[in-house]
Every structure is written in C-alpha cells, then in structure tokens.
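Trainee: I have a model open and would like to go through it. Can we start with the terms?

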Amino acid sequence: MNAASQELNVVDVILRDGATMRLRPPQTDDAAGLLSFFAGLSADSMRSRFHGVRRVDDSLIEHFLLPAADRGALIGSVETAADGLRVVAIGEYACLRDPSVAEVAFTVADDLQGHGVGARLLEQLAALAGREGVETFVADVLADNHAMLRVFADAGYDVVRKTEGGEVEVRLAIARSTALLARVDARDHEAVGASLRPFFQPATVAVIGASPRRGSIGGELFRNILQADFQGAAYPVNRTAEPVAGVRAFSSVAEIDAPIDLAVICLPAARVVDAARIALATGVRALCVISSGFAEVGRDGLERQEELLALVRSHGARLIGPNCLGIAVPGIGLNATFAPRALPPGRIAFSSQSGALGLALLEKAAERNLGFSAFVSIGNKADVSSNDLLEWWEDDDETELILLYLESFGNPRKFGRLAARVARHKPILALKAGTTEVGARAASSHTAALAGSEVAVDALFRQSGVLRARTLEELVDAATLLSSQPLPRGRRTAVLSNAGGLGILCADACGAAGLALEPLEDRTRRALEAELPADASVANPVDVLGSATAATYATVLPLLLADPGVDSVIVLFVPPVVATADDVAAAIAEAAVGAEKPVLVVIVSADGIPARLRESGSPVASFLYPESAARALGLAADRADWLGRAAGSATPVEGVDRVEGRRLVESVTDERWLSPAEARTLLAAYGIPLVPERVVLSAEEAVLAAEELGFPAVVKSAVPGRHKTESGGVALGLMTAEAVRTAALRIGAPLIVQPMIKGGVELLAGVVQDPVFGPLVAFGPGGVFAELIGDTRFAVAPLTDVDAAELVHGGKAGKLVAGFRGAAPADAAALTDLVHRLALLAEENPEIAELDLNPVLGLGESCLAVDMRIRLRPARPVASIKGW
C-alpha cells in the first residue's frame, strides 16, 4: 500500500457499545503511541499476539511506519477525557509468496477486548487488502486464544481451520459475499442502535445557547422541552448563567453536576466547535447542532463542519445536524425543536433532511390527526443519516410507519439493504426532492450533497420496498392510509358515489394508480338492485344517485366489502339537500367498523373532512379529493405486491476470468471508448455471449471475413463509440462478396464483419455508472427503435435473482421475451444470466462509465450480443474504505 493510498483509507466505525473508533494507516508520528499501546498490553495479550514473549522497542513497530506495496496496516484510536487521543488497536496484513494470499494479525487493548474492535478491524483490513488484489487471509492463532478464534468464526467470511499442535491455522476467503454483508449489517445494527440511544432515550438534556430572551432559537427550544413535559431533567446553558423560564442556568456544561446524555447546541456557527469540545470532554455522547453556517454555505462552512465532525468522532460520539430543526420524541415528552407546537404522540417516525419542509409536513399531519413516535431533522447529516435512523426505528416498538424526506443519499447501497430488511415489517414512505435538473441543483446547494439520478432512485426504492410519494400532499395522504387501514389483498377496488361525474374521475385516477375496477359479482349486483332506485348504477363505479342518504351508504358499503372480487372500497359523497356530510360520515364509519379491507372516504364539502372521520381510531381513511385517495391506495397496493415478492438471493456467476478483465481495464489510463477488440475481450472475460466477428482494415479483408463466417453477412464501422445506424455505419443482410465489398468501401475502415443472425427478438442490455448509486443495469426493447419504444428498466447492482428476473420479465421487454403476438419466446434463462454477468462486470470494474449491448438477440435457446459500445473512465479515488 503506497503513501497516497494511506491518506485515503481513513474510516470511523461504530463499536458494539455505540462508541466510535477511527481506523487509519499508521504514520511516522505514531511511533510513541504504538510503543505506549504495546507496553500497556497484558502478558496474556502479548503472548496471544506474538506466541511468546516479545520485547517492546523500536524494532517491534518500525515496519508499521514504512509504507510498502505488499503489506498494509490500520491503527485504531479513540479519544477520552482522561487519556486524550489513544491507540487502542493495530492490525496488519503482509502478502506471502502468492500475492493473492496474505498473513493477517491484529491486537486490541485489554480494556476494549469484547467490544467488537477485532471484528471491525478485520472487516476493514479485508476491504483494504481486497483493493490491493488479496483474496485470502491466513492467520496462525494459539489454540487457547478462544476470543480471537471466535472473531474469525463470527466475522462472516468463509473460514477453513486446521489445527497442528498448539496452533490453529485459519484461512479466510475475504471476497464480499451475501453472508459477509449480512454479518456486517448485523454488527452495524447493534452498534448504531447503541450509539443512538442517548438521542431517543435521554435522561438529561442540556441546551447550549438557551437564552432567557424570548424569540431566541435556543431559548424557545428550551421552553419547548419544558412545555412538552419532558420526563427527564433539562438544563439551560448560556454565557451569563441567567435562568431561563425560571430554571437555573449554567455558564458551561462542565458546571452541571449530572452526566448529560444529549446536548443541543444553538449558537452562532463560529462558537459551535468550542462548545462541542467542552461538552464532549465532559462525556456527552450525543450532540444535536441546530446552528446553520456549515457545509450549506460554502467552503468555509464545509471546513467548519469537517472540524466539528472530526471532533465528535474522535470522542466516540454521534452528531445530528448541523443546520437542523432538532429532535422530538413525544412518548417521553421530548421536544428539542423550535417547532411552534409539540407533536402529538403516535406510531409514525419521521426523518427530514429539510427543517422547513419537516415543519410543513407536521402541520399537515396535525390536520389529519396523525401522531408521531419521533421526529428527527437531520439537516446537513454530517454524521447521523436516514440509514442510522432506520436502524433505530427497526427495533422501536413505538414505531409502525416510517416517513423520510430525502434530498440526497450518502450510502445508497447500504440504504437499499437496510430498507429492504426494515420494510418487511414496517412500511417506509419517502419523498425524494431534486427530481428535475433545476430541483437537483437546488437540493445540492441546500444540503451540500450530490443528488443521485432519478432513474436510480426509482430503481433503488422499487427493489428495497420503499414507497415513493411525489408530493408533500401525497406523502401525508399515504401516511394517513398506511397508518389506519389494512393493506389491500389485490388491486381490485370498488367505487361508491352519489355523483356520477365524481365516480368517473375517481375511476380514471384509479387506472392511473394501477388499480382495477372489475365488474361486481352477480350476487352483489342483485343485492344492490334490491336496495337502490331503478335509476341507480350497480356497475363499478356504483352510483347511488344524488338522493342517497346516510342510510343508503350504511346499506351499500357492507355489500361492496362482502364481494370477494373487491379488495378495497373508495367512498365518495357530495352533500345534497337530502343528507348532511356529518350524517353520512357517521354512517360510513359505522358500516366500516371491523372491515378487513381498506375503506377510503372522500367527502367533498366546504367544511373539509368531517370531525367524525378525523378522530383517532377512525375505521376509515379520509381524503379531500378522489385523486388523492386513488394515489394513496395505489401506493398501498404497491406495498402489498412487494411484500408478496420473494426477498431474493445472490446468484453465483461461473466462468469469469477476472484477471483478464482487470488487465484490460487497467491498461486504459484515460477516458475513452474501447475499440471493438478491447470491448470483445472484456465482455468475453465475463462470459457474455457474443456473435462471431472479425475486425478488418480493408474491403478485401471484409470479403474474406464474410466468406469465412458465412453469408448473409453484416458489415459495420469499427470506430470506437460510433452510433452505427445514425451514421450509416452498418449494412445488413449482404448476400454476396460484391455486396460486402461495396458496403465496406462506403462505410470505410476499420470495419467489423459478422454473420447475419436470423430470428430472435431484439433487446437492449447495458450498464451505466451513476456517480452516487454505482452501477445501474438496464434491460428493455432493443434495436433501432429502442429509444422510440422506450420502457427500458433499470436496477441497482448488485442484483438478486428476483431483481434480474423482474428486469427480464417486466414491462414491454418481458412481453417480447415471452413471445409477443405469436412470436416464439426467447430464452429467458439465458437473458437473466446475461443480466447477472453485466451486473458483476460493472460491480468489479467501476471504471466502466457506460456499456451498451444493442441489440441483444433473444433466441429460442440462447442469446447473443450483436453490437457493443463500452466507455471507460478512470475510477475516482475512494475517500473511505467503508464501502459496505
């Protein structure tokens, strides 16, 4: 590992008890710290590490301090009030004669053994070594060193053990696998939960910058804590120690004679770091920084934010914000926000990257009588992010529904795995901003983060079961439905209305939301005909006419709910002269009690939603407009569909020559399109089926190639990256040598000659590297009309078997694969295998900026890529090795 790589490989990891530890390559000025570390180890720890007695002197540590290509090391450090910055762990690997195999060893300070340090050190060493081409770790462990053997066994790697005498040889395959990711995620879950506990279950809170002056942010936030009847103790801190709202104040957190769990900082940006340093030195492990003036304002603010984060992490603490609204946990009376009112308690957890939008949603939610288990404004999310909050809310018994407002992603792959796990038990509803180019620019300047592509966002949400709302109104509507109604068993809905036009509008909205208005069963129709006037319509929508009363709705709604062909009911009512909104609302609510299907109600009235339907525990979900109800129901149906979808698993890909693939990729040092020969070599290394071809430099060579490969022939331009059809650079179905010669002279060298493959369906498969989300795998209709036909679908790599199958079988491409209008079906298994190979190719070679296979011919018993374009771009340096 060279010196430049050392500077990049710095990562902060969370330990089992919630504390954080910084891992980084050792530097020359770490000599004293390393000597002190080894000198502080017990005799048992020294024996376990060195298999005997070892003298602590410069010869013990000097190899750690000298960078070398065939070895690497990581040093673990923490900062405490008592000891300052302290080395607590050291791990290293050294390549053996076979450079793909390395010996690994690490040591942990005695007082931190059992805290998960060894597991974190091992996983980061493996990530570091893997980037240098190491595939296997080997370790010799004393047979009685049970703790170390347990670290290796529980890490998640494939482990082989061999015992000889008093030592055990442990061999670990360090490649990333599904099992490894599961173990890393499990460690993260335990550690993150412990680290966030002081935010959600604090016994003591200090507000730093709590001014006695009314109208100040800190002062009002402290008063909010008092007014919400916080179950713990709250302490105001200001420079003059003036009491706030009658509560004794302190001039510094250090003066408070009780340990502080959560410190909320409301100070000018220039004073935040010093205040945080004092708080952290007293043992505070949870900071919420309300103050603005950080990364969102430019370079100076970014530097200030980085200084704050480094300080927080050096003390093993966590940070919400900066530039945020605060945190509220209504169940314990904590309202550490400057919102105008306390949140009502309930079962919805809400994370917002925007404080102002968070306030707007809370106001709208209050109108719908929605209650919250927690609200967190993450602001610039310098540390705590939505991923962390999902970890906490997954196990929180008070949370049943999770809302997210997102402007950017930090670790979308981790988000996808985590959300997919959480969504199996609790719905996740997200509003993602920055959906247009203008919106994305605004989001970037507002949060100082790079917004990912919308195609990637949609793919990520679809794969992980996250429901995407497009507007604030839709977010509130869907939350209303998901928090109060059962999921529909299917997409068949019935519409009940007293106004025909309103019913038609609702039917249109249902169609747009992917819902179906199927005919009612004959038995249901007969029952309706017996109860309704002859002029009423008993089709679907059911029109009970303007003369309908509360009694009409009380009679008809149970009949629709009893129909086995109905999965949900949307009830519409426009108050006529003969019935009031309140009476009908009461009748609908009474009829819906105990229903096992969702009932959605729209009462179009000048007075809005009747009070009876807004009550807590209402048996129905109420909306202002039919379109709102339909969109919310469509999202609920999406969730039901996703829950019925198999979770999926990784699919091993055989027959891959990674060495050859990497050799070619690493030979390209600048951004460019690969030549046809280079592209073919790279694709062939990953087993991607290709049509036979020859690259030639003249018309005569083209004729010879065509005669070798067989007629009819295809002649194409071999200019890298050229769109052949648009530029006239392709000639198809050439039956004679003369036809080949003429085409070759017209197109111009260099040329590709292929045999013309008959039959099959033309498809498109490809990859694009998103700057935030990584590789996106594409699949759709192909050929010259690919863009015109559209419906190319994307999935975020890595792909499970379910992800790949949905790409191949979904949308218009799926219809083509299945055999459209009597055509022979294509080999779906071969196409699914192709998609897996493309995903793996892009995963293992991030230099691939874009890759197009168009067309791919889906044949009866195989598939073949006929045309290919690959653009390579040198990979950007990675600033952290925590690439999980």
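Mentor: Contact means heavy atoms within 4.5 Å. Buried means under 20% relative accessible area, exposed means over 50%, and partly exposed lies in between, with a 1.4 Å probe and protein chains only. Helices (H or I, at least four residues) and strands (E, at least two) are DSSP runs, numbered from the N terminus.

Trainee: Where does the model come from?

Mentor: This is a predicted model, in which local features need pLDDT of at least 70 and side-chain atom pairs count only at pLDDT 80 or more, while totals for chains, interfaces and linings use all residues. Residues are numbered from 1 along each chain as its sequence is written, and side-chain values use heavy atoms, with hydrogens and water left out.

Trainee: Which residues of α13 are buried?

Mentor: In α13, Pro-412, Lys-414, Phe-415, Gly-416, Leu-418, Ala-419, Val-422 and Ala-423 are buried.

Trainee: And what covers the buried residues of α13?

Mentor: The cover includes α7 (178-200), α12 (386-395), β18 (401-406), β19 (428-432), α15 and α22.

Trainee: Next, α17. Which of its residues are buried?

Mentor: Leu-502, Gly-503, Cys-506, Ala-509 and Cys-510 are buried in α17. They cover an arc of only 120 degrees around the axis, so they are on the same side of α17. The arc is that of the directions from the helix axis to the C-beta atoms.

Trainee: What is on the other side of α17?

Mentor: Ile-504, Asp-508 and Ala-512 are there, and they are exposed. The buried residues of α17 are covered by parts including β21 (493-497), β23 (568-573) and α22 (626-643). After α17 comes Gly-514, with a positive phi near 80 degrees.

Trainee: Changing topic, how many aromatic pairs are there?

Mentor: Rings of Phe, Tyr and Trp (its six-membered ring) pair if their centres lie within 6.5 Å; planes under 30 degrees apart count as stacked, over 60 as edge-to-face and the rest as tilted. By this rule the count is 14 aromatic pairs. In one of them, Phe-106 and Phe-152 are edge-to-face, at 5.8 Å centre to centre with 65 degrees between the planes.

Trainee: Which parts does the pair of Phe-106 and Phe-152 tie together?

Mentor: Phe-106 lies in strand β5 (residues 101-108) and Phe-152 in helix α6 (residues 146-154), so the pair ties together parts that are 46 residues apart in sequence. Both Phe-106 and Phe-152 are buried.

Trainee: What about Phe-415 and Phe-461?

Mentor: Their ring centres are 6.1 Å apart and their planes are at 45 degrees, so this pair is tilted. Phe-415 is in helix α13 (residues 412-423) and Phe-461 in helix α15 (residues 454-464), so the pair links distant parts of the chain, 46 residues apart. Phe-461 counts as buried at 2% relative accessibility.

Trainee: One last thing. How is strand β30 covered?

Mentor: Both faces of β30 are covered: Leu-751, Val-753 and Pro-755 on one side and Ile-752 and Gln-754 on the other are all buried. Five bridges join β30 to strand β28 (residues 713-717), and the two run antiparallel. Two strands pair if DSSP finds at least two bridges between them. In β30, Pro-755 is the bridge partner of Ala-713.
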